[in-house]
Structures are given as C-alpha cells and as structure tokens.
Amino acid sequence: MRILAIESSCDETAAAIIRNGCTVESNVISTSRQAFEQTGGVIPEDAARRQVECILPVIHGAMKEAEATWNTIDAIAVTKGPGLLGSLLVGTMAARAIAHIHHKPLIGVHHTLGHLSSTWLGLDPQTPPTFPILSLSASGGHTDVWLRTSHTKGSLIGRTRDDAAGEAFDKGASLLGLPYPGGPSISKAGAEGNPHAYKFPKPLQHTETLEFSFSGLKTALRYIIRDLGTLQDEMIADLAASYEYALCMHLVDRLIQSIRTYPEIQEIHIVGGVSANNRLRSLIQASVPSHVTVRFPHQLSYCTDNAAMIGSAATFMVQELGQDAYEIFETVASLPLEHALKSE
Ligand code: KG4
Ligand code: ZN
C-alpha cells in the first residue's frame, strides 16, 4: 500500500510517501520554527499563515522525491487533530481536496497514533516489533504512556498531571534566555555543563503512580535563576545540564515504574520530539532491564512532527480496522488522547 501523508498540526508543514507502513520513499518538512525562536513558542495565527504558503510545495516535493504519480497512490492520510485549528485546517483541506480530485480514499489519523507508529519507519516489515508494547510518547503537547496490544488497540496507563515534557524544556529554555524549541537549545547549552551542579526535586518519587509532573521542576529552575542573579555562561551550561538531567530522570523513573507494574512487557518504545534527546536515550538504555528491547525512532527527523509517521499509522489502521479506517472525520483542535487507540 502506497500512501501520501500530510501533517500540519503545529508549526511544521510536512508530506511523505510511505509504502507498506515502513518504507519512507520521501519525507519533506518545512518548518516555520525560525520565526518563533525569540517568541518562546508558536504564535498560532502566524503558524497557520505559513502553512498556507508551504502546503502545496511540500506535497509536490514529496511526490517528486518519491517519483510518484497520482495513479500509483492508494490513499491519502492526514492528521485530523489534535493541534492548532488553523494549521490543522490547511492540511486537512488540502488532503480532502486531493482525495476528491484524484478519487482516493481519505484516512484521518490522530496525531498521537502517528507518533506511536514512528518506530516502524525504516524497519524491515519482515521483522516487526512484538506486542504488547509499552510506548512513552513525549512531545511539546503531550507526555503519556500506553500499553499497546496492537497498532490500533491499547490503553493509556499514565499521563502528565500538568506540563508536557517538551513544554518543560521549552519553558526552561525561555527562563534561561535560550531559543525555542527548548529541547535542542537546552541540550546544546548544557553539552559542556555539569548535570549534578544544581539539585532539582524528584517529582512523585515516593509514589507508585505512572503519571508525570513537570511543573515543579520548572518552578525550581525559576527560583534557582532568581537566587543566582546575573547568569554567566558557565552557570547557564550547568543549569541547562542539571535541568535536562532532572527532566530526563523523571521520565526514566516513571518508565521503570511502568515496567515494574507490567512485567510482561518485552518492548519499550520512546517517541515524540523529546525522544530525540541524547541524554534521555543513554539514561534509558542504562536503566531498562536487559530483557526489554528499547526502540527509538530510527532517525531524529521521525521523532519530531513529520508526515511519514502519519502514513505509517494510516497503513496499520487499514490493516487492522478495514473499512472503518476510512470513516468520515472532523478536523478538531482538541481531540481526546484516549481516541488515539481503541480500548480492548
Ligand atoms: O513531537 P513534536 O515535534 O511536536 C509536538 O507534537 O508537540 O515535539 C516538539 C517538542 C518541543 O517541546 C521540543 O522542545 C521537544 O519536542 N524536543 C526536544 C528535543 N527536540 C525536540 N526535547 C528534548 N530534547 C530534544 N533533542
Ligand atoms: Zn507531535
């Protein structure tokens, strides 16, 4: 099955051609990130205007790179939500129009289901991961743990009580005077810093909950910065490294708690923008028991928002749900997290 996929839920405009859920024939992304570097976050109206400018060149770019013609495309997939409404409308309108004009079936994909499928991109379809899988999805808008029994079925076993992990990186970067998005800029600023220079609280440490809480870490950073006064470069490096370490350790801590709660788990997948973090990757590899297979998206570009993951999710939806994968959908900014997977 060859799918043209479109993702436009935030500040990235993306299109990809995916074959059989795993093979990425093209993956084109245009980002308006630079426009928001100094604003501390995305301005929704500006992001939507950029989407309008980028959507057609990006789609044509993906078709050209894959040397695809319309009669070789079996279906169109698009992120239906959640996200910024203006941005989502641009992608879904384009997808609806293309599907109508070229007589292709249309598949609306939950953004989180896309992230959950991103670990299949670039894999050999003959040796797929084995369910049940515990998936941690950590991005700018969500941080949640799923127990998945198939591509489309499973349950949400943990989520954040306040900020998302990526949001904590973004807000921390803003407090430190570093550009958006915060994850990469904190990693860069902290690369030479000491991760143990500043002590941060350990959220929810004496509980067995599988939930997360990041707002206390952000508040602790604010107070440390206030007490330090003027920040020298060396202090920023140590603060960035210590804050990054504290955020990553909280994710690792809750992940280990999840494995204790579900000892039958054989595989752990870490997805979403925060899964690009190198410190997180090495801390997880060092902490997870050796019988558990740990997978991250194969390429860094599959961690942050991209259309390839939407095409992959759509393919597996068709495999598992049949005609239901093509059901009519609305474009919605707030789509409940629980709608990403069907419960058993
Ligand atoms: O998945 P994504 O591209 O968009 C959402 O669905 O939100 O994730 C974006 C988030 C941002 O908050 C960004 O700071 C974070 O992912 N991020 C990172 C890294 N790269 C992106 N966080 C930590 N380390 C990174 N290397
Ligand atoms: Zn995302």
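Biologist: Which elements do the buried residues of α9 pack against?

Modeller: They pack against β1 (2-7), β2 (12-19), β3 (23-31), β4 (75-81), β5 (106-110) and α3 (111-117). Contact means heavy atoms within 4.5 Å. This is a predicted model, where local features need pLDDT of at least 70, side-chain atom pairs count only at pLDDT 80 or more, and totals for chains, interfaces and linings use all residues. Residues are numbered from 1 along each chain as its sequence is written, chains are lettered from A and ligands numbered from 1 in the order written, and side-chain values use heavy atoms, without hydrogens and water.

Biologist: Why is α9 called largely enclosed?

Modeller: Buried means under 20% relative accessible area, exposed over 50%, partly exposed in between (1.4 Å probe, protein chains only). Of the 14 residues of α9, 11 are buried, so the rest of the structure largely encloses the helix. Among them are M309, I310, F316 and M317.

Biologist: What span does α9 reach, and what is expected?

Modeller: The expected span is 1.5 Å times one less than the number of residues. Helix α9 (residues 308-321) has 14 residues and reaches 20 Å from first C-alpha to last, close to the expected 20 Å. Just after α9, G322 has a positive phi of about 60 degrees.

Biologist: What makes E167 and K171 a salt bridge?

Modeller: The rule asks for a side-chain nitrogen of Lys or Arg within 4 Å of a carboxyl oxygen of Asp or Glu. The N to O distance between E167 and K171 is 3.1 Å, so the pair meets the rule. Both residues lie in helix α4 (residues 165-175), four residues apart, about one turn. D163, E167, K171 and K218 are linked in a network of salt bridges.

Biologist: Is R254, which pairs with D253, buried or exposed?

Modeller: R254 is at 2% relative accessibility, so it counts as buried. D253 has 32%, so it is partly exposed. Their side chains meet at 3.0 Å, N to O.

Biologist: Why is D227 called exposed?

Modeller: D227 is at 57% relative accessibility, so it counts as exposed. Its salt-bridge partner is R226, with the closest N and O atoms 3.1 Å apart. R226 has 55% and is exposed too.

Biologist: Which side chain has an N or O atom 3.2 Å from an oxygen atom of ligand 1?

Modeller: That of H115. A polar contact is a pair of N or O atoms within 3.5 Å, so the 3.2 Å of H115 falls inside the cut-off. A polar backbone atom of G166 is 3.1 Å from a ligand 1 oxygen. The protein covers 89% of the 550 Å² of accessible area that ligand 1 has on its own.

Technical notes
Helix = DSSP H or I, 4+ residues; strand = E, 2+ residues; numbered from the N terminus. Polar contact = N/O pair within 3.5 Å; in protein donor to acceptor, adjacent residues only side chain to side chain. Areas by Shrake-Rupley, 256 points an atom, 1.4 Å probe, with all protein chains shown as cover.
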